[in-house]
Structures are given as structure tokens and as C-alpha cells.
Amino acid sequence: MFELQPLVRKNIWKLEPYSCARDEFKGVNASTFLDANENPYNNYVNRYPDPLQEKVKEMISPIKGVPVPNIFLGNGSDEAIDLVYRIFCTPGVDNVVAMSPTYGMYKVCADINDVYYRTVELDEQFQITAKRILEACDKRTKVVWLCSPNNPTGNDINRDEMVRLLEVFRGIVVVDEAYSDFSNQRPLRLDLDKYPNLIVLNTLSKAWGGAAIRLGMAFASTDIIALFNKVKYPYNVNKLSQEKAMELLRNQSEYRQHLVMVLEEREKLMNAFISLPVCKKIYPTAANFFLVRVTDANAIYRYLVEQGIVVRNRNRVTLCENCLRITIGTKAENSALLSALIKYKQ
Ligand SMILES: *Cc1c(COP(=O)(O)O)cnc(C)c1O
């Protein structure tokens, strides 16, 4: 039996959350709202937004195959990442385990919340086993962070190993699936009902083209979602973002077209990279970017910046020496990158 309560910080379990005006009155027949000290003159933004973003969640639910009560929405995935620490990890006492290299925000949020951050290095295939992660865990390990497809390496993490960890580890397992739209591996969010300790992160920032509106998602058991809702700011997703999110989600054909184009361009760009003199190794990817080992990452990075092209220099990241992370752009942007690299003098 999985027990949630022992994993939750005592103050959070006991917390009596702030009850905002829009929480207290949930009726449908009112037309006169004198409860929230708002300006009564309609200018489109004079009223507080829906604190639980029900309409957005109703659109996300069929797209993601996750029931509405299992969805939390935040100001980017970054909000959900921070909330995981604030809900589960006692500062100065608890620890989390993450693979390395991976997305930098897990560590930054650990540092901000004064939570010990332990790492398990990926192997040469950028993979991890449940066994090695469990070896890094102890009684005070509340959370394990996984990211699949992983950033900055781009590969899917072995699904059987993630499932084994979910089955054996008694703490929370967060699987960040920010890039799962680009991958063929079955996302873990579709198996939420099997794993009461699973939290899956998604975002509108990548495949959905909504990075500017800051809309992140967490999928989990209703008990975990209730904790997120208790700790979040009352109106954490503003009205403009909620409206724009619904517009993006309504336009599924555009989403699919963009996805197909990015995948085609990824194939073409990676094939072209193989024959570039600067290219030493291309790593397989399941995301909208790829990692490439080059002859001299710092020099090539600087050269590209001079040409007005910015890629991500990962040279200083463990296992990524001399690696650049390249986001797939438009056809024109990818050609610009290629012609610049063809002209590069070693
Ligand atoms: C880009 C990215 C996100 C998205 O974060 P947002 O705050 O939703 O924009 C989350 N996780 C990973 C691994 C990412 O690379």
C-alpha cells in the first residue's frame, strides 16, 4: 500500500489554504459580483480569473488522455517543479535524487528550497537503471526526478526502468515529459492510475508553441493534485494565458502540422550534420533538438554567435564535453545554420 501522508511536509498536510472569493462562491446563477473588491466596469480584465482553470483543463483532458481531476495547471512547468519541493521536502533535512545531466531547474529549485540534491550519472547511452537510482536513495529521499525525453541529451529514458522505479520506490517519482509530443515512446501520463506515486509534467512551451504564456501541467493522483491546489498562489494562471491556451489547444491541426514539419526538419538537419567536418558525433534524439559533439564547442559557439545564430553550448555539462544542443528551427533557420557551419574554418 502506498501512503502519501508520510511523504508530505507536516505544515503542508495541516495547511488551511487561503480561500479566495472565486473559491467560496461556486454557484452559476449570480449576476452581481460584489465579493472580490474588483473594479465593476468591464474592460475584459477587471475580474479575477478562474483559480482552477476549469475550461482550460476540460480542453487539455481529451488531448492528453488525463481526467480533469488529475490535472494541475501552473505558471510554466517551473511552478510545478517548485511546488513539488515545497509540498514534499523539508528544507535542510530531505533530499531528492536526479539523473545527470538533466534539466537545470530541478537543481536550482532544490537549492532555493535548501533541499539536498543527489545525482546519478547517466551511462554512455545516456540511460539509467532503477537499481542505480535506488542505491542513491535513503530514508530522507522524498522525490526522484526523471526527464524523458531528457534535456539536454534528447533521448527517451528506458521505460521499463522508469516503471520498475515507480513500482519499487516508496517516494514520489516525477517524470518530466515536456518533449513527449516528439517521441514515439508511450508517455507515462497514460498510466497514471497504476502509480499513486507518479507525477508527470507537460507544458505548452514546446510542441504547442506557447512558451510566452507560461502554461505548465502536472498530472497526478487526485490526492496529489489537491496538495498542489492548496499550496499554489490563488490565481496562478492569469486570464490572458488561459484564453490564449484555449486558442492554441483549439487549433490542433496547426499543432500537428508544426510537429510534422519539425520532425521532418530534424531528420534532414541531423543527416546533413553527419557529413560536416566540425561534427564528431550525433546523439539519437526523441525531442525537437539534438545534441552534437563537435571539434571545439566553445569556438564554434562563438563563431555562430558572430553569424547571428545562437545554439546552446553544453560544453561544461557532465558527459557533454564539446557538445552543442541544437533546437530544430524553420527550414530557413536550419539552412542558415548549415551554411554557416560549412564555411567554418577549423
Ligand atoms: C523546456 C522545458 C520545460 C518547460 O518549462 P516551462 O516552465 O513549462 O516553460 C520543462 N522541462 C524540461 C525538461 C524542459 O526542457
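Start by selecting Arg22 and Glu38: both are buried, where buried means under 20% relative accessible area, exposed means over 50%, and partly exposed lies in between (1.4 Å probe, protein chains only). Before you click on, note that this is a predicted model, in which local features need pLDDT of at least 70, side-chain atom pairs count only at pLDDT 80 or more, and totals for chains, interfaces and linings use all residues. Residues are numbered from 1 along each chain as its sequence is written, and side-chain values use heavy atoms, with hydrogens and water left out.

**Stop one: Arg22 and Glu38.** Show the side chains of Arg22 and Glu38, and you'll find them joined in a salt bridge at 2.7 Å, N to O. The term covers a side-chain nitrogen of Lys or Arg within 4 Å of a carboxyl oxygen of Asp or Glu. This pair links distant parts of the chain, 16 residues apart: Arg22 sits in helix H2 (residues 21-24), while Glu38 is in the loop between H2 and helix H3 (54-64). Helices here are DSSP runs (H or I, at least four residues), as are strands (E, at least two), and they are numbered from the N terminus.

**Stop two: helix H6.** Jump to Glu135 and Lys131, whose side chains form a salt bridge at 3.2 Å, N to O. Glu135 and Lys131 are about one helical turn apart, because four residues separate them in helix H6 (residues 130-135). Buried or exposed? Both Glu135 and Lys131 are exposed.

**Stop three: helix H10.** Next, pick Glu265 and Lys268, which meet in a salt bridge at 3.0 Å, N to O. They are three residues apart in helix H10 (residues 252-274), so about one helical turn lies between them. Glu265 counts as buried at 9% relative accessibility, whereas Lys268, at 45%, counts as partly exposed. Across the structure there are 18 salt bridges.
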